[in-house]
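Subject: Structure handover

Hello,

Here is the structure I promised to pass on. Please look it over; my notes follow below.

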Amino acid sequence: MMKLAQWIWALELLGSAWAALTMGALGLDLPLPCRKVLWPQPAYLLVSAGCFALGTVGYRVATFHDCEDAAQELQSQIQEARADLSCRGMRF
């Protein structure tokens, strides 16, 4: 729950800063090019976060270490279970 609270706090901080800058609440007179870049920033942030998440998942999948011993043990247990179920009349 603590990590979720940190993310929500950070998003609120960024969102309030974005809203204050775009709505002119701070009294700053931003030039037009800055305002044009500032408006789509939440969409850019969302796309960047999605790309980061996709890259992280892809990296974790690519570097996932297989446990050969555990895989062989599981396969032997599956074969034992199939043999036991075959003796009881189940067909595969």
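One aromatic pair turns up in this predicted model. The partners are Trp-18 and Trp-39, with ring centres 5.7 Å apart. Their planes stand at 90°, so the pair is edge-to-face. Trp-18 sits in helix 1, while Trp-39 belongs to the loop between helix 2 (32-38) and helix 3 (41-62). The pair therefore ties together parts that are 21 residues apart in sequence.

Is Thr-22 buried or exposed? It counts as buried, at 13% relative accessibility, because the cut-off for buried is under 20%. Beyond its neighbours within four places in sequence, Thr-22 touches Leu-38 and Trp-39. Its side chain also has a polar atom 3.3 Å from the backbone oxygen of Ala-19.

Now the helix lengths. Helix 1 has 22 residues, which should span 32 Å at 1.5 Å a residue. Its end C-alpha atoms are 31 Å apart, which agrees. Helix 4 (residues 68-87) has 20 residues. From first C-alpha to last, helix 4 reaches 29 Å, close to the 28 Å expected.

After helix 1 comes Gly-24, with phi near 75°. After helix 4 comes Gly-89, with phi near 105°.

Further along, Arg-91 lies in the segment after helix 4. Arg-91 is exposed, with a relative accessible area of 79%. How far apart are Arg-91 and Lys-3 in space? The C-alpha to C-alpha distance is 49 Å, and 88 residues separate the two in sequence.

Last, the cysteines. How many disulfides are there? The count is zero, with a disulfide taken as two cysteine sulfur atoms within 2.5 Å. Cys-34 is partly exposed, with a relative accessible area of 39%. Cys-87 is exposed, at 72%.

Please start with the Trp-18 and Trp-39 pair, then check Thr-22 and its contact with Trp-39.

Best wishes

Definitions and conventions: Residues are numbered from 1 along each chain as its sequence is written. This is a predicted model: local features need pLDDT of at least 70, side-chain atom pairs count only at pLDDT 80 or more; totals for chains, interfaces and linings use all residues. Side-chain values use heavy atoms; hydrogens and water are left out. Buried means under 20% relative accessible area, exposed over 50%, partly exposed in between (1.4 Å probe, protein chains only). A polar contact is a pair of N or O atoms within 3.5 Å; within protein, one must be able to donate a hydrogen and the other to accept it, and residues adjacent in sequence count only if both atoms are side-chain atoms. Contact means heavy atoms within 4.5 Å. Helices (H or I, at least four residues) and strands (E, at least two) are DSSP runs, numbered from the N terminus. The expected span of a helix is 1.5 Å times one less than its number of residues. Rings of Phe, Tyr and Trp (its six-membered ring) pair if their centres lie within 6.5 Å; planes under 30 degrees apart count as stacked, over 60 as edge-to-face and the rest as tilted.
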